[in-house]
Amino acid sequence: MPDEPLLELVDLVTTYRLRRAEVHAVAGVSLSVGAGETVGLVGESGCGKSTIARTIVGLVKPSAGQVLFEGRDLATLPARELRRLRQEIQLVFQDPYASLNPRMTVAALLKEAWRIHPGIVPRRDWDAEVRDLLARVGLRPEHADRYPHQFSGGQRQRISIARALTVRPRLIVCDEAVSALDVSVRAQILNLLQELQRDLGVAYLFISHDLGVVHHLCDRVAVMYLGKIAEIGPKAEIYQRPAHPYTQALLSAAPAVDDWRDVDRAEIVLTGDVPSPLAPPSGCRFRTRCFKAEDRCATEEPALLDRGGGHPVACHFANSTTVPATPH
Amino acid sequence: MTERSPQAYGQPPRDGGLLTRLLEVDGLAVEFDTRKGPLRAVRGVSFHVEACETLAIVGESGSGKSVTAQALLGLVPSRARITAGSIAIEGRDVTGLSDAEWRELRGERIAMIFQDPLSALNPSLTVGYQIAEMFRRHRGTGRAQARRYAAELMAQVGIPDAARRLDDHPHRFSGGMRQRVMIAMALALDPVLLVADEPTTALDVTVQAQILRLLRQRREADRLGMIIISHDLGVVARVADRVAVMYAGQIVETGTVPEVYGRPAHPYTLGLMRAVPALRGTGSTLTAIEGQPPDLAEPPTGCSFHPRCPLARERCREEAPEPRELSHGRAVTCHFAEEVLDDA
Amino acid sequence: MTLDTITRLPLRAHLAFGTVLLFVAAGVLGPLLAPFDPTRTSPQDRLSPPGSTLSDGTTAWLGTDQVGQDLLAEVLAGMRTSLTVAVVTVLIGGGVGLLLGLLAGYFGGWSDGIISRVGDIQLAFPSLLLAILLAGVLGPSMVNVIIALAVTRWVIFARVVRGSALAVRDREFVHSARVMGASPARIMLYYILPSCLPPLLVAATVQVGLTMVAEASLSFLGLGVPTTQASWGSTIAQGRDYLASAWWIAAVPGLALALVVVAIGILGDLLRDASDPMTELS
């Protein structure tokens with residue numbers, strides 16, 4: 001991990017107010033992303049991973065904890081500084097059909113940021129810069145005058161990425177950015193993201209439910225369950241020596257192309273559904289579905305600690321099991 | 001959990017263990033009427049399903065896989081029509097059936113589950129009522145008896161506390177439990193064929209594993225012929241015996257899962273396999289298939305995959321390849337399949 | 001809109017558009033065609049049926065009223081009044097409604113609370129009753145009629161705009177603009193406003209017709225424009241006493257009002273269809 005992280009979340013809590021109750025969608029998460037690094041955030045729906053994305057980019061206010069960018073707390077910055085810093089963190093959404101204003105041409109979508117922040121690109125260079133950006137994300141110059149509905153899903157996601165790049169960000173938060181795309185097109189976008197990182201040194205916080213995609217793209221991985229991090233560590237540690245029962249179950253349940261080679265292998269299938277975040281279980285949040293749960297888990301919440309597996313795990317019975325590599 | 005015997009619902013027992021061809025689709029073509037003219041969504045698709053077997057139809061959006069599934073149940077959208085080919089269920093040609101005849105067949109012999117069970121269930125009726133309705137309408141079963149069957153079915157598809165949950169409405173169930181309800185309804189009348197259109201796409205990974213396991217169990221227990229429509233190569237690898245890969249309205253390759261996954265014979269299949277990130281081992285580079293799927297209103301000349309194919313040459317632009325058999329039960333629609341096999 | 005799309009419009013669109021165009025042209029050019037002078041009376045020509053030749057040799061195509069004035073001139077002048085009141089009312093009511101609707105819809109919270117509650121209270125009160133009350137208090141003048149009607153109309157526009165603003169506010173492309181650093185003013189102007197305009201335009205069209213009816217109602221009750229100005233409402237009111245002997249006095253402005261309001265209603269429906277995103281896509 002680099003010395004000073006680009007982004008650091010310290011005990012972040014984000015709460016949604018419902019009619020009668022409060023939901024701690026994110027219930028105390030600490031996480032960092034270094035410059036030029038790719039950190040994956042995996043978990044199932046409702047685990048709070050999208051709320052983290054929204055909190056980082058400022059669409060939602062945290063109710064406790066800190067979001068630090070280059071060591072500075074975004075909550076305490078003067079408005080002007082904040083606007084400048086916000087520019088350095090961009091978000092790419094899941095649905096490329098909904099995240100582009102249907103009434104704007106591609107050129108207008110790309111130039112918008114320069115209208116908002118006049119210092120980035122001088123006006124006389126706008127058209128040239130639009131052409132450069134389109135080329136960089138694999139689109140043609142004549143695409144500049146078209147509207148979003150004239151593009152396919154993959155091409156729209158390229159436009160979204162180009163739009164994020166217009167403000168020269170240092171961190172791009174990708175919230176399920178390739179989940180809506182078909183396999184063949186998804187690979188194109190993943191390759192594009194890697195290429196951009198190589199060329200521009202941008203860091204990614206890559207949020208996804210797809211363990212394969214995260215495995216492919218990320219350096220480090222955090223696994224979330226019901227608003228908390230269950231396990232975090234380098235990719236190889238998480239995928240080959242998962243120590244949290246949830247991570248083990250998740251990896252076992254995730255369908256992979258290679259699965260046909262070993263159809264009868266032992267499979268951890270969890271029972272039941274994720275409990276409501278309105279009333280999370282006492283103690284360890286995973287205990288209601290855990291195959292290792294004991295009495296202690298109901299009373300005592302496990303801390304996210306390195307219990308000898310080489311990476312922090314939030315489980316009393318953390319026990320790294322080496323996942324056998326599938327024969328090729 | 002007690003296994004439900006077919007006799008319990010007045011059905012004759014099925015033959016034991018022999019291969020039975022439940023579904024035979026031959027040269028199926030479906031066209032949509034659009035402003036730009038006819039759009040050939042499905043073009044000459046042929047496949048078959050035996051009892052106790054799972055066939056997966058895998059393809060990307062717009063490949064025609066869902067339209068094919070709808071055609072199997074006589075459910076093609078109103079602006080589409082079957083223009084060629086035949087569909088035979090248990091040897092009976094069903095292509096010309098009237099709406100009334102289809103209604104009788106659906107549920108009884110062939111049933112379907114959908115990606116979004118919430119929109120397939122009636123939100124204002126309890127799930128118990130909706131399952132019991134199947135028995136009451138098709139079998140004339142009495143109210144109390146139908147309710148007992150419904151509870152039994154719900155228990156069989158793994159809904160905990162089934163007897164008490166009969167009176168809950170669909171929105172009270174989680175996504176996974178709703179899909180179980182759909183499966184219970186689909187299997188209520190002991191159909192021989194089950195078509196599952198993206199059955200786990202809307203579900204979380206751990207819940208998906210539960211549903212896939214349930215489908216496998218029911219297939220064994222009821223000797224079902226199953227057709228799974230999916231875009232997810234991993235899901236298909238887990239549940240299917242055989243696979244048909246669709247591209248631009250055609251089946252480009254069929255075979256058993258080990259054959260097709262282990263040694264793809266079509267450049268598109270090979271491209272798909274190389275475009276999916278692996279879950280284990282070290283991160284490898286992905287090879288994307290360049291370009292976009294074709295516009296079916298104006299399909300390319302010759303082979304419809306040629307604009308994206310790394311092996312394409314003159315012949316592919318001019319001459320559309322016909323499906324040809326490589327070995328028993330293994331077919332491919334490519335002029336140069338042998339080169340792909342060598343490459344893989 | 002290209003020539004091709006115009007010729008493909010349904011027949012009722014052409015009829016409705018033609019009617020509205022004819023009425024607007026008549027209202028604008030009316031004084032040139034048949035000048036109306038409210039002070040001029042001609043007792044020997046009173047209550048002449050349509051098509052009569054008057055004492056000065058001219059033909060009264062639509063007949064004359066109880067003081068011998070040419071009904072055609074009167075209806076044309078009334079058209080002018082009606083149109084002016086309706087358009088200005090909708091412009092003012094629509095403008096206020098747009099602004100308040102945007103504030104309520106985009107910011108939500110207490111601004112939405114206040115604006116929506118005031119609107120609810122006002123809607124609970126029959127709008128014509130409110131207009132009668134206001135017009136009665138303010139006294140008869142065209143400006144006062146417009147004020148009275150605009151006060152009753154803004155809520156409708158505010159509701160329409162608030163609804164679309166709410167729907168667009170949480171769309172992902174608006175979030176995307178916020179992440180980009182766009183200010184609330186920019187988001188309202190470039191993102192929220194354009195999506196509110198089509199439904200606002202539809203509402204405004206329909207309201208022009210309804211406001212014409214409301215204006216006529218006020219004038220009918222003697223609470224509208226002063227008697228020195230022609231208005232369909234007051235002409236109908238005068239004609240009421242002569243329904244048996246000279247039906248045309250009430251019938252002509254009544255028919256004109258019905259025709260133009262129906263035509264405007266059809267136009268509103270067509271606009272609604274055209275601004276529907278589903279038809280826009282296909």
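The legends below describe close-up views of a predicted model. Local features need pLDDT of at least 70 and side-chain atom pairs count only at pLDDT 80 or more, while totals for chains, interfaces and linings use all residues. Residues are numbered from 1 along each chain as its sequence is written, and chains are lettered from A in the order in which they are written.

**View 1. Strand S9 (residues 242–247) of chain B is largely enclosed by the rest of the structure, because six of its six residues are buried.** Strands are DSSP runs (E, at least two residues), numbered from the N terminus; buried means under 20% relative accessible area (1.4 Å probe, protein chains only). Arg242(B), Ala244(B) and Met246(B) point one way, and Val243(B), Val245(B) and Tyr247(B) the other.

**View 2. S9(B) pairs with strands S3 (residues 54–58) and S10 (residues 250–256) of chain B.** Pairing requires at least two DSSP bridges between two strands. S3(B) runs parallel to S9(B), with four bridges, and S10(B) antiparallel, with six. Arg242(B) is the bridge partner of Leu55(B) and stands opposite Thr256(B) in S10(B). Two residues lie between the strands in the hairpin of S9(B) and S10(B), where Ala248(B) takes a positive phi near 50°.

**View 3. The largest cavity has a volume of about 100 Å³.** A cavity is a set of points on a 1 Å grid over the protein atoms alone where a 1.4 Å probe fits but cannot get out; lining residues have an atom within 4 Å of a point. Volume is the space filled by probe spheres set on the points, which are joined across faces, edges and corners. The lining includes Phe93(A), Arg163(A) and Met180(C).

Technical notes
Side-chain values use heavy atoms; hydrogens and water are left out. Buried means under 20% relative accessible area, exposed over 50%, partly exposed in between (1.4 Å probe, protein chains only). On a 1 Å grid over the protein atoms alone, a cavity is a set of points where a 1.4 Å probe fits but cannot get out, and a pocket is an open set with protein on both sides within 12 Å along at least five of seven lines; lining residues have an atom within 4 Å of a point.
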